[in-house]
Amino acid sequence: MSFAFLRRASRMFVLAALAAGIAPAVHAQTYPERPIKLVVPWPPGGATDALGRLLAQRLTERLGQTVIVDNKAGAGGNIGTAAFVREKADGYTLLMATSSTNAANPHLYSRLGFDAAKDFAPVAFVAEIPNILEVPKQSKFQSVADLVAAAKAEPGKLNYGSGGVGSSQHLAGAMFKHLTGADVLHIPYKGSGPAVSDLLAGQVDMMLDTGSLAQVQAGALRALAVASHQRLPALPDVPTFDEAGVPKMYASAWYGIVAPAGTPADVVQRLNKEVNAVVADPEVKKRMEGMGALVPAGQTPAEFGAFIQAEIQRYAEIVKISGAKME
């Protein structure tokens with residue numbers, strides 16, 4: 001074997017190694033070079049879709065490439081999420097992750113089609129919409145203490161509605177019962193819409209919901225407490241459960257952006273920077289707060305990842321308390 005051949009082979013090896021080492025940086029400098037798909041694993045019209053479309057619009061402006069919303073609904077968000085994890089990990093397909101799909105569902109469903117702890121590269125936290133304890137405007141209950149006292153005095157007489165077994169309203173209601181000792185009967189509906197309709201009509205005594213802020217603001221429902229660490233900008237006069245005497249009653253639908261596991265770290269960092277900038281924009285923040293959301297300060301991908309892992313563990317206990325199980 002000639003020295004010239006060895007020298008050429010050595011040079012090729014070094015160039016290949018250098019190329020492998022600098023590829024991610026080059027990728028990040030040129031990213032994005034084509035449109036990006038944002039998978040929303042829920043149908044159009046809900047909070048996840050609304051937040052996804054708001055983000056897509058603003059990211060399009062910041063990135064200089066179109067961000068297209070792709071609704072893939074079904075099976076409590078599992079169908080779209082399972083399809084997403086099979087996408088190429090290059091930053092051109094992103095997912096609107098939620099507390100349902102990425103924290104609760106792993107404990108509710110025996111077959112998901114994805115591993116919530118391993119199949120995602122966390123990008124950025126977007127917002128959380130806390131559950132609000134609501135009663136009809138004609139209800140006699142003026143506070144959480146009133147309601148809890150009545151539920152304990154007559155066990156099983158009061159009821160709460162939800163969008164179905166395993167829904168966010170069901171899990172929040174189960175947590176409320178566990179923390180307060182109130183014996184309140186669960187009435188599952190086929191969707192939160194019918195449940196809210198019966199709540200408005202006074203056929204349901206209470207509900208812990210994330211999607212009926214407008215009815216509260218219009219005076220059709222009375223809000224007794226919000227299940228978050230702080231009060232909502234949209235309802236500044238409504239106390240938190242901590243303030244109302246029920247510590248650790250935290251139940252929110254949260255939303256964030258994730259990429260497939262294995263997405264280059266520098267691409268994730270670029271996306272984190274851009275999403276955080278969008279969320280911090282005063283106009284965007286105002287619109288999200290108008291939906292009943294709390295908008296966090298910008299988190300790093302590592303911080304968001306730690307939050308997701310903690311939520312997966314927390315929901316294991318919540319689902320166990322609720323007794324919910326989906327096929």
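# Questions put to a predicted chain

Guide: About 14,900 Å² of the chain is accessible surface, and carbon and sulfur atoms hold 56% of that area. The areas come from the Shrake-Rupley method with a 1.4 Å probe, where for residues only the protein chains shown count as cover.

Visitor: How many helices and strands does the chain have?

Guide: There are 11 helices and 10 strands, taken as DSSP runs numbered from the N terminus (H or I over at least four residues for helices, E over at least two for strands). The C-alpha atoms fill a box of roughly 95 × 40 × 30 Å along the principal axes.

Visitor: Why is Ala-75 called partly exposed?

Guide: Its relative accessibility is 41%, so Ala-75 falls in the partly exposed class. Ala-75 sits in the loop between β2 (67–71) and α3, and its phi is near 55°, a positive value in a residue other than glycine.

Visitor: What makes Lys-248 exposed?

Guide: A relative accessible area of 65% makes Lys-248 exposed. Lys-248 lies in the loop between β9 (221–226) and β10 (252–260), and has a positive phi of about 70° although it is not a glycine.

Visitor: Why are α6 and α11 called roughly perpendicular?

Guide: The axes of α6 (residues 168–180) and α11 (residues 301–322) cross at roughly 80° and come within 9 Å. Angles of 65 to 115 degrees count as roughly perpendicular (under 35 roughly parallel, over 145 roughly antiparallel, the rest oblique), and therefore the two helices, α6 and α11, get that label. The axes are lines fitted to C-alpha atoms, for helices over the stretch in contact, with angles from 0 to 180 degrees between N-to-C directions.

Visitor: Which residues of α6 and α11 make the contact?

Guide: On α6, they are His-170, Leu-171, Ala-174, Met-175 and His-178; on α11, Arg-314, Tyr-315, Ile-318, Val-319, Ile-321 and Ser-322. Contact means heavy atoms within 4.5 Å.

Visitor: At what angle do α9 and α10 pack?

Guide: Helix α9 (residues 265–280) and helix α10 (residues 282–289) pack at about 70°, with axes 5 Å apart. That makes α9 roughly perpendicular to α10. Val-278, Val-279 and Ala-280 of α9 meet Pro-282, Val-284, Lys-285 and Met-288 of α10.

Visitor: What does His-186 touch?

Guide: Not counting residues up to four places away in sequence, His-186 touches Tyr-160, Ser-162, Val-165 and His-170. His-186 belongs to strand β7 (residues 185–188).

Visitor: Where is Val-85 found?

Guide: Val-85 is in the loop between α3 (78–84) and β3 (93–98). Leaving aside neighbours within four places in sequence, Val-85 is in contact with Gly-113, Phe-114, Asp-119 and Phe-120.

Visitor: Which kind of peptide bond joins Tyr-31 and Pro-32?

Guide: The bond is cis, with omega about -5°. Pro-32 is in the loop between α1 (3–30) and β1 (36–40).

Note on methods. Residues are numbered from 1 along each chain as its sequence is written. This is a predicted model: local features need pLDDT of at least 70, side-chain atom pairs count only at pLDDT 80 or more; totals for chains, interfaces and linings use all residues. Side-chain values use heavy atoms; hydrogens and water are left out. Buried means under 20% relative accessible area, exposed over 50%, partly exposed in between (1.4 Å probe, protein chains only).
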